[in-house]
Amino acid sequence: MNTDMKTEDTKNSISPKKYSGKSNKEIALTGVFIALAMILSYLESLVPISFAVPGIKLGLANLVTIVALYKLGLKDTIIISVGRILLSGVLFGNMMVIIYSLAGAFLSILVMVLVKRTKIFSATGVSICGAIAHNFGQIIVAVITLENMNIMYYMIVLAIAGAITGAVIGILAGMIIRNIRM
Amino acid sequence: MADKDKLVKISDIILFVVILAIGIIGLIYIISNKEKGAQLRISVDGEVVEEFYLSEDIEHKITTKQGINLVVVKNGVVDVVDADCPDKICVHHVPIDSVGETIICLPHKLVVEIVE
């Protein structure tokens with residue numbers, strides 16, 4: 001793959017910007033965002049929040065997703081999310097972790113893009129909807145793999161948790177979106 | 001400051017409050033309809049492997065392909081006290097005693113649930 005890229009590069013060396021449709025800056029930013037998201041999800045795993053229903057987390061990595069959604073666009077957001085999940089999954093998790101994370105991320109990004117398009121909410125509202133969608137996606141995977149409908153009950157607790165964590169992350173993301181220039 | 005630059009819009013607050021209200025009402029509904037369960041059902045990978053009556057105190061070690069979980073029943077209350085899964089979410093879960101309540105160990109695909 002490496003040699004392939006090299007030949008591509010030399011072939012198009014006159015206009016390097018053209019061959020991938022992406023600017024170097026965009027590629028570099030995507031990489032930085034993936035790295036940042038990985039560090040945030042790792043940091044978060046060091047401080048587990050656990051009350052009544054364990055497994056609830058703040059979703060710090062979603063901070064990166066929302067900022068990317070507002071600043072880089074949908075395509076890069078998907079690349080960043082999938083990149084982060086695959087890399088952290090391979091490094092620190094296992095196949096199941098990757099499947100759960102991808103289900104959550106997929107639903108979350110889909111809902112956030114749709115909610116963002118309506119322009120009704122600020123980043124805070126978008127983040128709340130994203131957090132709840134993320135939890136819903138993971139519950140669906142759990143229902144399928146455990147073949148047990150009873151765990152849908154968790155969704156009520158997870159919706160409340162999603163609203164709170166989503167609001168916190170959304171406000172933080174709004175501050176970042178407002179203050180960074182890219 | 002223009003409305004689109006606001007960190008939190010009125011619509012965000014309405015969304016937050018509505019979700020929280022629905023969630024809390026749902027929780028209250030579930031809690032008020034709680035009934036003490038009579039039986040404990042343990043399933044692995046969607047298949048029931050073990051059933052116990054809550055009336056007797058037991059300590060049972062479940063061995064799955066993925067690892068072990070130690071389930072304890074005492075005075076009609078069920079708790080997972082030990083497991084060798086990576087996240088220990090099942091161990092940290094509060095003890096359960098009502099119909100429909102579950103303790104889940106995702107890495108071991110184990111569901112401990114209380115039935116009538």
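Trainee: How much area do chain A and chain B bury between them?

Mentor: Start with the general idea. The size of an interface is often given as the accessible area lost when the parts come together. Now the case here. This is a predicted model. In it, chain A and chain B bury about 2700 Å² between them. Carbon and sulfur atoms carry 71% of that area.

Trainee: Which elements give two or more residues to the side of chain A that touches chain B?

Mentor: Look at α6 (123-146) and α7 (154-179) of chain A. The largest share comes from α7(A), with 12 residues.

Trainee: How do the residues on that side of chain A divide into nonpolar, polar and charged?

Mentor: There are 22 nonpolar, 9 polar and 3 charged residues on the side of chain A that touches chain B.

Trainee: How many residues does the contact take from each chain?

Mentor: Chain A gives 34 residues and chain B gives 32 residues.

Trainee: How many salt bridges does the rule find across the interface of chain A and chain B? And how many residue pairs are in polar contact?

Mentor: Take the two counts separately. For salt bridges, the rule finds 0 between chain A and chain B. For polar contacts, the count is 8 residue pairs, with both residues at pLDDT 80 or more.

Trainee: Let me turn to chain B. What does its secondary structure come to?

Mentor: Chain B has 2 helices and 7 strands. Read the order from the N terminus: α-β-β-β-β-β-α-β-β.

Trainee: What percentage of the residues in chain B is buried?

Mentor: Of the 116 residues in chain B, 43% are buried. Surface is another way to look at this chain. The accessible surface of chain B is about 6700 Å², and 58% of it belongs to carbon and sulfur atoms.

Trainee: What share of the contacts in chain B joins residues 24 or more positions apart?

Mentor: Count the contacts with a separation of 6 or more. Residues 24 or more positions apart make up 34% of them in chain B.

Trainee: Now a single residue. Is A:Ile66 buried or exposed?

Mentor: The cut-off for buried is under 20% relative accessible area. A:Ile66 has a relative accessible area of 0%, so A:Ile66 is buried. This residue lies in helix α3 (residues 61-71) of chain A.

Trainee: Which residues does A:Ile66 touch, leaving out those up to four places away in sequence?

Mentor: A:Ile66 touches A:Met112, A:Ala123, A:Ser127, A:Ile169, A:Ala173 and A:Ile177. A:Ile66 and A:Thr124 are 58 residues apart along the chain, and their C-alpha atoms are separated by 9.7 Å.

Terms used. Residues are numbered from 1 along each chain as its sequence is written. Chains are lettered from A and ligands numbered from 1 in the order in which they are written. This is a predicted model: local features need pLDDT of at least 70, side-chain atom pairs count only at pLDDT 80 or more; totals for chains, interfaces and linings use all residues. Side-chain values use heavy atoms; hydrogens and water are left out. Contact means heavy atoms within 4.5 Å. Buried area is the accessible area (1.4 Å probe) that two parts lose on being put together, summed over both. A salt bridge is a side-chain nitrogen of Lys or Arg within 4 Å of a carboxyl oxygen of Asp or Glu. A polar contact is a pair of N or O atoms within 3.5 Å; within protein, one must be able to donate a hydrogen and the other to accept it, and residues adjacent in sequence count only if both atoms are side-chain atoms. Helices (H or I, at least four residues) and strands (E, at least two) are DSSP runs, numbered from the N terminus. Ala, Val, Leu, Ile, Met, Phe, Trp, Tyr, Cys and Pro count as nonpolar, Asp, Glu, Lys and Arg as charged, and the others, Gly among them, as polar. Buried means under 20% relative accessible area, exposed over 50%, partly exposed in between (1.4 Å probe, protein chains only). Accessible areas come from the Shrake-Rupley method with a 1.4 Å probe; for residues, only the protein chains shown count as cover.
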